[in-house]
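Hello,

Here is the structure we talked about. Please open it alongside this note; my findings follow below.

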Amino acid sequence: SLSGTVPSEIGLLNQLTHFEVSIAPISGTIPSEFGNLVDVVYMTFIFSQISGSIPSEFGYLSSLISLWFYYSPFSGEIPSELALLPSLTLYLHDNYLTMTQNNYSTALCDRIDQISGCSGTWI
């Protein structure tokens, strides 16, 4: 069982395919080193105490197909780099993430479960 802040060393786990923080006493922000997890397929933050923004380095996660932010105090702009991940579906609920309307946001809206301002299909 982990507690404390999110260790940046997790970014060194180059064969990691699933990462989940769910109802755990872990706080702080997501380190930019998470952008090194190129084999991660699923990443989940549910009822977590992790806050801050989604690192733009998530755009390097070429294998990522599912990214969940449920009931976690994330905030800030959803990075446009996520639009470069063609298989990604975002699942957003009860957080403070936003998105500016631009060419990237149009591509992302069709793959987002729930965010205000999107005109795409929600799952």
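Phe47 lies in the loop between strand 4 and strand 5. Strand 4 covers 42–46 and strand 5 covers 49–50. Helices (H or I, at least four residues) and strands (E, at least two) are DSSP runs, numbered from the N terminus. This is a predicted model: local features need pLDDT of at least 70, side-chain atom pairs count only at pLDDT 80 or more, and totals for chains, interfaces and linings use all residues. Residues are numbered from 1 along each chain as its sequence is written, and side-chain values use heavy atoms, with hydrogens and water left out.

Phe47 has a positive phi of about 50 degrees, although it is not a glycine. Its relative accessible area is 45%, so Phe47 is partly exposed. The cut-offs are these: buried means under 20% relative accessible area, exposed over 50%, partly exposed in between (1.4 Å probe, protein chains only).

Now look at Ile23. This residue is in the loop between strand 2 and strand 3 (26–28). Ile23 is not a glycine, yet its phi is positive, about 50 degrees. Ile23 counts as exposed because its relative accessibility is 68%.

Which residues make the nonpolar surface patch? Ile23, Phe47 and Tyr71 do, over about 330 Å². Patches are made of residues with over 30% relative accessible area and no salt bridge; like charges are joined within 9 Å, nonpolar side chains (Val, Leu, Ile, Met, Phe, Trp, Tyr) within 5 Å. A salt bridge here is a side-chain nitrogen of Lys or Arg within 4 Å of a carboxyl oxygen of Asp or Glu. Areas come from the Shrake-Rupley method with a 1.4 Å probe; for residues, only the protein chains shown count as cover.

Next, the strands. Strand 2 and strand 4 pair in the parallel sense, over five bridges. Pairing requires that DSSP finds at least two bridges between the two strands. Ser22 has Ile46 of strand 4 as its bridge partner. Side chains alternate along strand 2 (residues 18–22). Phe19 and Val21 point to one face and are buried.

Finally, the whole chain. The protein chain has one helix and nine strands, in the order β-β-β-β-β-β-β-β-β-α. Of its 123 residues, 44% count as buried. The chain exposes about 6400 Å², and carbon and sulfur atoms supply 53% of that. Among contacts (heavy atoms within 4.5 Å) between residues at least 6 apart in sequence, 39% join residues at least 24 apart.

Best wishes
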